[in-house]
Amino acid sequence: GGEGVQAGSKQAGMALSLLWGVLALLIAAATATRALHHKSLSPSGAVAGFIVLSLSLLAGPRFGALILSFFLSSSKLTKYGSEAKRKMELDEYKEGGQRNWVQVLVNSSIATILSLGIAFYTGWKDQCLDTTSSPIVTSLLGGILGHYACCNGDTWSSEIGVLSDSQPRLLTSFRSVPRGTNGAVTVLGLLAATAGGGFIGLIFVLVGFLTARCEGYLAVKQWLTVPLGALFGLLGSICDSLLGETIQFSGYCMVRKKVVEKPGPTVKRIAGQDILDNNGVNFVSVLILTLASAAACLYIF
């Protein structure tokens, strides 16, 4: 009798896993198709988006919810004030954002790998942030929190900050520079980065309560992900800005009368060296914040 019950529950578990797998693929396909239709992603970006979203959802609902929250909120903000952005922005302005496969992977590949790592390590079960029970899972979860807080904070900062009435300034010299200059910040942009990171922290804890068993003081402690997310969002934006104004080129094209990212005979340099492009800068800052937040969560939780 006991063996029959065990076999039955095992079959039920397998059926549930299969159902979740099909649902994950359907959600990813619907999201990628919608993003392509609304020009949030290019065709290559939609394919990459489908892959990373499928893998994240298969790794666990919390990881899928984080990447979806980042993507959907960022896409909405990219369209916000699009008319003003079209007039002022850098030479690569595209309607709706139209992020390609490189941009998708820069903003999701590390977290997707960490999510799959947790899933394999825990046997596809979500866990609380708790160094006592599992330091490995806590550091990986912390890395994912910092990763998406950094990405979301940086995107919210860019999309809202560029619409600020105040003139953007470089962090190292506080010199005011034209809008669209890499690494330049506004107070509004930094506040947006903090809000974007806090939003990821909130999604992290709310979905975590549905998918992981946290009780008593440990459950209360999970709420620290909201202020931590806000902090990682702000630090991610600052890190991205410092890299952007030093190892990414910004110049003013006298002919086209706009800020451009490549040097040329008609381009007057504003800041930075032509070492990394925007994707390179984003990837380095995401990597730094992922490592920093993994270490911080090991210490805090």
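User: How many bridges join strand 3 to strand 4?
Analyst: This is a predicted model. In it, 3 bridges join strand 3 (residues 250–253) to strand 4, and the two run antiparallel.

User: What is the bridge partner of Y252 in strand 4?
Analyst: Y252 has V259 as its bridge partner there.

User: What is the strand order in the sheet?
Analyst: The order is 4-3-5. That makes an open sheet of 3 strands with antiparallel pairing.

User: Which strands stand at the edges?
Analyst: Strand 4 (258–260) and strand 5 (267–271). Each has a single partner strand, so one side of each is left without a neighbour in the sheet.

User: How far are neighbouring strands turned against each other?
Analyst: By 35° on average, with direction ignored.

User: What sits in the loop between strand 3 and strand 4?
Analyst: K257 is in that loop. Its phi is positive, about 55°, although K257 is not a glycine. Most residues other than glycine have a negative phi.

User: Is K257 buried or exposed?
Analyst: K257 counts as exposed, because its relative accessibility is 57% and the cut-off for exposed is over 50%.

User: Where does F174 lie?
Analyst: F174 is in the loop between strand 1 (169–170) and strand 2 (184–185). F174 is another non-glycine residue with a positive phi, near 60°.

User: Buried or exposed, that F174?
Analyst: Exposed, at 57% relative accessibility.

User: Switching to cysteines. How many disulfides does the count come to?
Analyst: The count comes to 1 disulfide. It joins C128 to C214, with an S to S distance of 2.0 Å.

User: What's the handedness of the disulfide?
Analyst: The torsion about the S-S bond of C128 and C214 is about -115°, so this disulfide is left-handed.

User: Where in the chain are C128 and C214?
Analyst: In distant parts, 86 residues apart. C128 is in the loop between helix 6 (109–122) and helix 7 (135–161). C214 is in the loop between helix 8 and helix 9 (216–221).

User: Are C128 and C214 buried or exposed?
Analyst: C128 is buried, and C214 is buried too.

User: What about C253, buried or exposed?
Analyst: C253 is buried, with a relative accessible area of 5%. C253 belongs to strand 3 (residues 250–253).

User: Now the voids. How many cavities of 30 Å³ or more?
Analyst: The count is 3. The largest cavity has a volume of about 240 Å³.

User: Which residues are closest to the centre of the largest cavity?
Analyst: L41, G49, I67, F71 and V104, out of the 19 residues that line the largest cavity. The elements giving two or more residues to its lining are helix 1 (2–37), helix 2 (43–59), helix 3 (61–79) and helix 5 (101–106).

User: Which element gives the most to that lining?
Analyst: Helix 3, with 6 residues. By class, the lining of the largest cavity has 11 nonpolar, 7 polar and 1 charged residues.

User: What lines the second largest cavity?
Analyst: Its lining includes both disulfide cysteines, C128 and C214. R62, F204, V205, G208 and F209 are also among the lining residues. The volume of the second largest cavity is about 50 Å³.

User: What gives the most to the lining there?
Analyst: Helix 8 (residues 187–211), with 4 residues. The lining of the second largest cavity divides into 7 nonpolar, 4 polar and 1 charged.

User: What's the lining of the second largest pocket by class?
Analyst: It has 8 nonpolar, 5 polar and 2 charged residues.

How values were computed. Residues are numbered from 1 along each chain as its sequence is written. This is a predicted model: local features need pLDDT of at least 70, side-chain atom pairs count only at pLDDT 80 or more; totals for chains, interfaces and linings use all residues. Side-chain values use heavy atoms; hydrogens and water are left out. On a 1 Å grid over the protein atoms alone, a cavity is a set of points where a 1.4 Å probe fits but cannot get out, and a pocket is an open set with protein on both sides within 12 Å along at least five of seven lines; lining residues have an atom within 4 Å of a point. Grid points are joined across faces, edges and corners, and a volume is the space filled by probe spheres set on the points. Ala, Val, Leu, Ile, Met, Phe, Trp, Tyr, Cys and Pro count as nonpolar, Asp, Glu, Lys and Arg as charged, and the others, Gly among them, as polar. Two strands pair if DSSP finds at least two bridges between them. Axes are lines fitted to C-alpha atoms, for helices over the stretch in contact, and angles run from 0 to 180 degrees between N-to-C directions. Buried means under 20% relative accessible area, exposed over 50%, partly exposed in between (1.4 Å probe, protein chains only). A disulfide is a pair of cysteine sulfur atoms within 2.5 Å.
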